[in-house]
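Hi,

Here is the structure I promised to pass on to you. Have a look at it first, then read my notes below with the model open beside you.

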Amino acid sequence: MATLLRKIGLIRLHNRDTEDPKHHHHHRSSQQGSSLRGRGGPKNGSNKPQPQGPPGGGCSSSSSESSPGGRKTKKAPEPAKQPPPPRTGGGREKPREAARESGAGREAAPQRPGSSSGPGSAPLVPLASGSGPLAPAGRQQHCTQVRTRRLMKELQDIARLSDRFISVELVDESLFDWNVKLHQVDKDSVLWQDMKETNTEYILLNLTFPDNFPFSPPFMRVLSPRLENGYVLDGGAICMELLTPRGWSSAYTVEAVMRQFAASLVKGQGRICRKAGKSKKSFSRKEAEATFKSLVKTHEKYGWVTPPVSDG
């Protein structure tokens with residue numbers, strides 16, 4: 001019996017001596033580390049603290065043995081993802097802002113002479129076309145276009161007259177200077193008898209149209225024959241209210257003015273001058289203009305009594 005017990009003890013002693021010293025040492029140290037962690041951490045400075053497993057693993061360091069040689073294989077913790085840095089106006093945004101600033105600078109660069117460019121000055125805004133009054137050159141061009149269109153229409157209307165009441169000839173091919181021939185007056189009038197007796201085929205008048213026609217009246221005067229009465233004054237000036245700025249209307253046409261003049265001649269007892277010497281004296285434009293200005297001032301002061309407005 002004693003011999004059997006000694007053999008058993010020798011076998012245990014042999015097994016203990018042949019055991020892997022590293023495995024034995026590691027097994028003891030892991031047991032000591034577990035006991036120390038259970039008490040609140042290692043107190044002996046010679047034992048290094050064992051690293052903990054990955055978060056959420058729930059395993060202690062003693063259960064991380066995986067290789068036969070006793071080496072520990074641990075899964076490296078994944079690095080936390082860093083949030084992207086917030087944009088602070090730098091980087092790629094700066095070139096865009098710089099481009100916008102440079103573009104704005106180029107647009108605001110041209111300024112009128114004498115204009116201020118300080119921080120308190122208002123930006124200059126060009127006037128849109130048609131938003132303000134026309135410049136003198138533009139106004140003159142506009143008036144010329146209106147006058148030209150109106151006179152062209154007047155010529156066409158006169159050419160289509162069936163009774164050949166009047167005819168027109170341009171002076172030096174100018175559209176704004178007309179010689180108008182009045183071929184007919186009232187056939188029961190003394191003036192018509194004078195025309196027959198003197199073989200006068202027509203009464204010749206001159207009309208010049210101002211720049212702002214038809215908003216201003218034309219200047220009209222008699223050229224030939226030399227007439228007396230009939231509201232024809234010195235120089236061939238014609239006393240008719242509708243030929244003044246106050247009596248004129250842009251709706252009046254040349255044909256309407258000539259018909260009014262023919263009626264005014266008959267009403268005023270107009271006659272062809274047959275006096276020796278005086279009948280051969282022609283009318284002058286300068287004298288007609290002076291006479292017309294004088295009669296306008298007179299009638300503005302005392303009113304238009306003869307002829308009435310209805311008769312011209």
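Let's start with Leu205. Leaving aside neighbours within four places in sequence, Leu205 is in contact with Trp178, Asn179, Val180, Leu182, Met220, Arg221, Val222, Leu223, Ile238, Met258 and Phe261. Bear in mind that this is a predicted model, so every contact here is computed from predicted coordinates.

Some of those names come back when you look at the largest nonpolar core, which has 44 residues. The members that touch the most other members are Leu182, Ile203, Leu205, Met220, Val222, Met258 and Phe261. Who supplies this core? At least two residues come from each of α4, β2, α5 (190-197), β3, β4, α6 and α7, and α6 gives the most, with 6 residues. As background, nonpolar side chains in soluble globular proteins tend to be buried together.

Now the strand that holds Leu205. Ile203, Leu205 and Leu207 point one way from β3, while Leu204, Asn206 and Thr208 point the other way, and all are buried. That makes 6 of the 6 residues of β3 buried, so this strand is largely enclosed by the rest of the structure.

Next, the sheet. Which order do its strands follow? You'll find an open sheet of 4 strands, in the order β1-β2-β3-β4, with antiparallel pairing. At the edges stand β1 and β4 (219-224), each with a single partner strand, so one side of each has no neighbour in the sheet. From one strand to the next, the twist averages 25°. Also, α6 packs on the sheet and touches β1, β2, β3 and β4, with its direction at about 45° to that of β2.

If you want to trace the pairings one by one, here they are:

- β1 and β2 run antiparallel and are joined by 5 bridges. Ile166 stands opposite Leu182 in β2. The two strands form a hairpin with 6 residues between them, and Asp172 in the turn has a positive phi of about 55°.
- β2 and β3 are also antiparallel, joined by 6 bridges. Asp177 has Thr208 as its bridge partner in β3.
- β3 (residues 203-208) and β4 pair in the antiparallel sense over 5 bridges. Here Leu204 has Ser224 as its bridge partner in β4.

Which residues of α4 are buried? They are Val146, Arg147, Arg150, Leu151, Glu154 and Ile158. If the spacing of those numbers makes you curious, remember that an α-helix has 3.6 residues a turn, so residues three or four places apart point the same way. The buried residues of α4 pack against β1 (166-170), β2 (177-182) and α6.

Is Thr291 buried or exposed? Its relative accessible area is 17%, and buried means under 20%, so Thr291 counts as buried. Thr291 lies in helix α7 (residues 285-302) and touches Leu233, Asp234 and Ala237, not counting residues up to four places away in sequence.

Arg246 sits in the loop between β5 (227-228) and α6 (254-267). With a relative accessible area of 56%, and exposed meaning over 50%, Arg246 is exposed. Even so, Arg246 touches His299, Glu300 and Trp304, again leaving out residues up to four places away in sequence. Arg246 and Glu300 are 54 residues apart in sequence and 9.3 Å apart in space, C-alpha to C-alpha.

Finally, the cysteines. How many disulfides does a search of the whole structure find? The count is 0. As for how hidden they are, Cys239 is buried, with a relative accessible area of 7%, whereas Cys143 counts as partly exposed at 23% relative accessibility.

Happy browsing!

Technical notes: Residues numbered from 1 in each chain as written. Predicted model: local features only at pLDDT ≥ 70, side-chain atom pairs only at ≥ 80, totals over all residues. Heavy atoms only, no water. Buried < 20%, exposed > 50% of the residue type's maximum accessible area, 1.4 Å probe, protein only. Contact = heavy atoms within 4.5 Å. Pairing = 2+ DSSP bridges. Axes fitted to C-alpha atoms, helices over the stretch in contact; angles between N-to-C directions. Disulfide = S-S within 2.5 Å. Core = buried A, V, L, I, M, F, W, Y, C linked by side-chain atoms within 4.5 Å.
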